[in-house]
Amino acid sequence: MAAKPRVKVPKSAAAGDIIKIKTLLSHTMESGQRKDKEGNVIPRKIINKFVCEFNGAMVFSADIDPAVAANPYFEFKAKVNESGTFKFIWTDDDGSVIETEKQIEVS
Amino acid sequence: MKKLLFTGSLIASVVLAHVSFSVNAEPSSDKLTIDEEFEMISRTESVEGHPLPEVVSGWHYRTPETRAMEADSFQNPGMLGIEQGEEIWNTVEGTEGKSCASCHDDAAVSMKGVGASYPKWDADSGKPINVELQINKCRVENMGADAYEFDKGGQKPLTAYVKHQSFGTPVAVDLTQGDMQQWWDKGKETYYLRTGQLNLSCASCHEQNNGKYIRADHLSQGNVNGFPTYRLKQNKLISLHNRFRGCIRDTRAEYPGAFSDTLMGLEVYTTWRGTGLSVETPAVRQ
């Protein structure tokens, strides 16, 4: 499956509101513990870091280990005081980065 | 006295083929509502001729965490497969330069009801046809594309996408078409036939012991309204025939080929058993 992110951020909120953010990424998260039919270890390939920034400042970050299953789902809360852009960054073991952004209007 | 008890339990274990069904736990009495707005029919009076009084979706037999995953369409990992299916729907493939969309346009309109009414009678082959085989038929005859091999290529996501267009619609297959009734009869025979080293039939678990635990697994009624299903233990969409084969393999029997006559009959029959339940594709299961 191609690594595509799904992100849910409310379109608008009042200043000081605590909003819930949900993210789901399509990724096999190969743990490195499995073996193929011939007995060879299937190499580890996971998302090892997930970061959420708001207007450039870090809001949430997670260092991920092989225990997290495929299609990692993260749900967290954030307090918003101003309008801006949430940026979501997933980093793969191989160094590649998947990013997406969502705007929010804060009144 | 002790000798008698020992003999009794020995006979019992032989009859149950060394499998013990223990701990009856009621399936959840929650209501299945998707995204807090879309009410699904997950429990309903069974269709006439059904051996059980009520049909219950497999959703009710899962842990609260698993149930919550399905109730949130954003969190449901099966929905990633639906997105993939949508991409495939719009992708041109084959010698005729067509995509599914070229003929069928918007799937939400053209595929509405398909997931709830298949398998159907296919006069060309003289057999029942399910969504997977219908897709292959379309690909070969209309798109000039290769048929998907079982569970390979776009078969699972595309089947899930098509069935998802009937999300919420109650399952209702038409047994009056062609020879569907004979295939239903065949499927029913398969359902009740004990096979394998463990000498179990589908009914042994799903009819006689649903609601009980077999080891750590909470046995459901074995309805198929949620397939292709996202199974957490396999971290991916699982097709119905894959599940049939897996279940039969687990009874230590030789398992029939995917889309074989045996499994097509079984699909007709098990789909009928779930009549009235909402199509849940993609369901989330253990």
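Mentor: What follows looks at one helix of chain B and then turns to chain A. This is a predicted model, in which local features need pLDDT of at least 70, side-chain atom pairs count only at pLDDT 80 or more, and totals for chains, interfaces and linings use all residues. Residues are numbered from 1 along each chain as its sequence is written, while chains are lettered from A and ligands numbered from 1 in the order in which they are written.

Helix 12 of chain B covers residues 261-273; helices (H or I, at least four residues) and strands (E, at least two) are DSSP runs, numbered from the N terminus. From first C-alpha to last, helix 12 of chain B reaches 18 Å, close to the 18 Å expected at 1.5 Å a residue, where the expected span is 1.5 Å times one less than the number of residues.

Eleven of the 13 residues of helix 12 of chain B are buried, so this helix is largely enclosed by the rest of the structure. A residue is buried if 20 or more other C-beta atoms, placed from the backbone, lie within 10 Å of its own. Among the buried residues of the helix are Leu263(B), Glu267(B), Trp272(B) and Arg273(B). Their cover includes strand 5 (54-56), strand 7 (127-129), helix 9 (180-192) and helix 11 (240-250) of chain B.

In chain A, by comparison, there are zero helices and eight strands, and buried residues make up 18% of its 107 residues. Seven residues of chain B are in contact with eleven residues of chain A, contact being C-beta atoms, placed from the backbone, within 7 Å.

Notes: Buried ≥ 20, exposed ≤ 12 C-beta atoms within 10 Å, placed from the backbone. Contact = placed C-beta atoms within 7 Å.
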